[in-house]
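Open the model in your viewer and follow along. Each stop says what to select and what is there.

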Amino acid sequence: MCLQVASVALAQEGHPLTGTWTGDWRPGTGDLRHVTVVLEWDGKSISGTINPGPNAARVRAVRIDPAMWSVHIEAEGASRVVVDGGIANLGSASRKLTGTWTEGEARSPITLTRVDSMSASSNSGSLPADPTYDRSRRVFLTGTVTNVEWINPRVRFAMNVSQGAQSANAVNWTIELPDSAVALERDGFNARSLKIGDAITVQAITASRTPRHALASSVVLTKGGKAVFGPSMTARAEAAPAPHWPDGQPRLGPTPGAKGYWRADGSRGLDLTALKPGEAVALPWAKAVLDYRIRTQFKDDPASRCVPPGGPRQFLGPQGFQFVEQRDLSRILVLLGDGDRNWRIIYTDGRPQGSPADVVSSYYGSSVGRWDRDTLVVDSVGYNEKFWFLGGGLPHTEALHLTERFTRTDLSTLKYEVTVDDPRTYTRTWKANWTMRWVANQEIQEFFCEEKTS
C-alpha cells in the first residue's frame with residue numbers, strides 16, 4: 001500500500017493492539033474474574049501473554065482485519081483462551097476491545113480496556129482539543145467584536161453576526177486566527193489591533209464539528225478597510241555566506257554578538273505546508289490507522305493536548321527553533337519555540353548509537369551527530385509512541401529510526417532532509433525534505449502550549 005504524504009493541516013500510539021488490556025469476565029454463573037492481556041508487535045506478528053504469572057496463557061495466533069478492526073486471539077495455557085471482538089474508539093489511548101471471551105467450555109461477553117500508560121499532561125483531556133477545520137466550508141461573516149483573547153497557541157475572538165435585518169437575531173461566532181500571539185506580535189500586531197466594538201468582515205473556514213467556530217483567512221475593519229492581520233512582516237536575513245567557526249566548520253547559530261533563529265519556510269504555523277516528501281509504503285495496520293485519522297479529521301492529534309512534537313515535526317512549528325553549539329561539551333542543543341520551550345541534545349563526541357531496544361524511549365529520542373563536510377548528520381533512535389512524528393497522522397512505533405541532515409548553504413538558508421526507517425510500520429525507508437529560513441536579529445519568544453483556554 002502506497003501513501004503519498006499529504007500536505008494537510010494538522011491518540012493512538014503505534015500498533016493499536018500493543019499494550020496492556022484489562023477487563024472483568026464472568027465464566028457462566030461463576031464469580032467475576034479480572035483478566036489481563038499483554039500484547040506486543042515486532043513488525044511481523046502480534047505476540048503476548050494472557051494473565052501474566054505462573055499460570056499464564058501464551059498467545060499463539062492473532063488475526064486482524066484492519067478494514068473493520070476485528071480481532072481474533074488464541075492463547076494456550078492451563079486452558080485454551082479465545083478472544084473475538086472489535087476495537088472501538090481506535091484513536092483513543094484508552095481504546096476498548098469488545099466481544100466474547102472463551103476459556104475452556106465457558107464463553108461470555110467481555111470488554112477489555114487498554115491501560116493508558118501516558119502521563120496526565122499528555123492524555124488527561126484537561127485541555128480542549130483543537131477544532132478541525134473543513135477547507136470546503138467557507139463563510140463570509142459581518143458583525144461586531146464582543147471579546148478578544150490574545151493567547152497561544154492561537155489568538156481568537158468572538159463576534160456577533162446579525163441574521164436578517166433585526167440585530168436581535170444576532171448569533172455569536174468564535175473566530176481563531178492562524179497564528180499565536182507570539183507570531184502576530186512578531187509581525188507587528190498586538191492585543192489592541194482588534195478591540196471590542198469594532199465592526200469587522202471575516203472570511204474563514206468553519207469547524208467540522210463545533211458550531212459557529214471558524215478559522216479566519218482574512219479579518220478587515222469595516223470602517224476604513226484596514227486588515228487586522230496579514231502576511232508576515234518578519235525581516236529576512238541579508239544575503240551572505242554561511243558563517244563559520246575559526247576551524248572552518250559551519251555555524252548553525254548566530255555569529256558572536258548577533259542573534260536569530262530558524263523557522264520552516266512558509267510554515268506560518270500550518271503543519272507541513274512546505275513539505276514535499278517522498279512516498280511512504282505502509283504496512284496494512286498503519287494504512288488503516290492513517291485512514292482512521294484522516295476520516296476523523298485528526299481529532300486525536302496529541303499536539304492538541306500539548307504533547308511534545310518529536311521527530312521532524314519539531315522543526316515545523318511557527319515559533320521556530322535554534323541551535324546552541326556547546327563545542328567544549330561536544331554537544332549541540334536544539335531549543336524549540338513551540339510546545340513548552342522543549343529542548344533536545346545531539347551528542348557530537350563520537351559515542352556509538354545504540355539500538356532502539358537499548359535506549360530509554362522518549363519524545364526526542366537519543367541523538368548522536370557527526371559532520372560530513374558541511375553537513376551535520378544526526379542519527380536518532382529511542383522514540384516512544386505517544387506523539388505524531390509528522391502532521392497528517394502518519395503512525396510510527398518504538399522501532400522508529402531517523403537520520404537527519406542539516407546543511408547551511410548560506411546565512412539565511414538551512415536545508416533539512418530526513419530518512420525515516422521504521423520496519424514495524426513501513427515496508428521500506430523513505431525521505432522527506434524542506435528548507436528553513438533564518439529570522440535575523442530576533443530571539444525566540446516565550447510560548448507555552450498550556451495558555452490554551454476553554
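**The whole chain**

Select everything: of the 454 residues of the protein, 50% count as buried (under 20% relative accessible area, with exposed over 50% and partly exposed in between, using a 1.4 Å probe and protein chains only). This is a predicted model, where local features need pLDDT of at least 70, side-chain atom pairs count only at pLDDT 80 or more, and totals for chains, interfaces and linings use all residues. Residues are numbered from 1 along each chain as its sequence is written, and side-chain values use heavy atoms, leaving out hydrogens and water.

Now colour by pLDDT, the predictor's confidence in each residue from 0 to 100. The protein averages 84, and 87% of the residues score at least 70. Select residues 1-10: pLDDT is below 50 here, and the stretch has 36 contacts beyond near neighbours in sequence (heavy atoms within 4.5 Å). Next, take residues 267-278. Their pLDDT is also below 50, with 42 such contacts in the model. Where pLDDT is low, the predicted coordinates should not be read in detail.

**The second largest pocket**

Which residues lie nearest the centre of the second largest pocket? Select Thr18, Trp41, Glu385, Glu398 and Arg424; they belong to a lining of 23 residues. A pocket is an open set of points on a 1 Å grid over the protein atoms alone, where a 1.4 Å probe fits, with protein on both sides within 12 Å along at least five of seven lines; lining residues have an atom within 4 Å of a point.

Then select strand E3, residues 33-41, which gives the most to this lining, with four residues (strands are DSSP runs of E, at least two residues, numbered from the N terminus).
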